[in-house]
Amino acid sequence: MISRDRDSFANQLSGWFRSCLRTFLFALGFGLGTALAPAMAADWLFGFAEKEAPVSDGGQQDAWGILPELTRELFDRLPGESLSMSAGPWIRMQRWVATGEIDGFVTYPSTERRDYALFSETPVYNIDFGYLVYRSDHPQRERLESAQSFDDLEGLVFIGQQGVEWERDNIPFSLKTILVGQLDTMMHLLARRQTGDFLVMPPEQAVAIARRLGYAGQIAYHPVDFIPNARIPFHVGLRRSHPETRMLIERIDEVLRSPDFNDSADRIVAGYR
């Protein structure tokens, strides 16, 4: 009898303890969840293209390059908001914004992308193809730098990339042209083999490729204003499914229009040239 009473009391005590423990854990979890909720809600996850240096590169935990650096600079001017970044295949990054697995990206605001993302009115970066890239010791460097039209480049050999629609649409067929598959091959032909005279490429991209291949200091570049559609604007895009997207886009545009941010952005881009 005493044994049964002892067992009954032990069972009651055990049940009471488990009940208290569940109540404590629930309260602890609720408290932590409440405390962490603002930080989690304010954390925006952006996706970038991998293996597109110097424009962007990285992995699952971080991203680096021009676009990630500009985005970090932007969020530093948005009090109360925090930023996480990752990089991967560009097709996947776009799909994840569309499905809501990540919150944003920085890209050209095409009609298709506008279906699932809201974009800033002001671009954060313009990729500028309005540059001729050539060897720094090219015997006709003065001619290249004084050109006012493609007609002034007749007789020189343009090195282009196969399958690039922008080049096909904006570089005249009348130019002598060598087309190759890879950007590295283009730079080798220009700097080492000297089988072509110039590229049309953003200077930050040309400098990054040249440095990586050991041609730093061997190339030069010059801006020209006769290449059509040379500036491609990249805007900040946030998924439309996020409840705070419209509010944040308005704040982002305010920052992008500020002289302070634009001065910093100019310094960032200049560091890649």
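Proline 54 turns up in the loop between strand 1 and strand 2 (57–58), where strands are DSSP runs of E with at least two residues, helices are runs of H or I with at least four, and both are numbered from the N terminus. The peptide bond leading from alanine 53 into proline 54 is cis, with omega near 5°. Lysine 51 sits in the loop between strand 1 and strand 2 too, and its phi is near 60°, a positive value in a residue other than glycine.

A word on the model: it is a predicted one, with local features needing pLDDT of at least 70 and side-chain atom pairs counted only at pLDDT 80 or more, while totals for chains, interfaces and linings use all residues. Residues are numbered from 1 along each chain as its sequence is written, and side-chain values use heavy atoms, with hydrogens and water left out.

Axes are lines fitted to C-alpha atoms, for helices over the stretch in contact, and angles run from 0 to 180 degrees between N-to-C directions. Helix 7 (residues 183–193) and helix 8 (residues 203–213) also pack against each other, at about 75° with axes 10 Å apart. They are therefore roughly perpendicular, a label covering 65 to 115 degrees. On the helix 7 side, the contact (heavy atoms within 4.5 Å) is made by Leu183, Asp184, Met187 and His188, and helix 8 brings Gln205, Ala206, Ile209, Ala210, Arg212 and Leu213.

Finally, the largest pocket has a volume of about 790 Å³, taken as the space filled by probe spheres set on grid points joined across faces, edges and corners. A pocket is an open set of points on a 1 Å grid over the protein atoms alone, where a 1.4 Å probe fits, with protein on both sides within 12 Å along at least five of seven lines; lining residues have an atom within 4 Å of a point. Of its 29 lining residues, Glu52, Val55, Ile127, Phe129 and Phe234 are the closest to the centre. Strand 1 gives the most to this lining, with three residues.

Terms used
Parallel < 35°, antiparallel > 145°, perpendicular 65-115°, else oblique.
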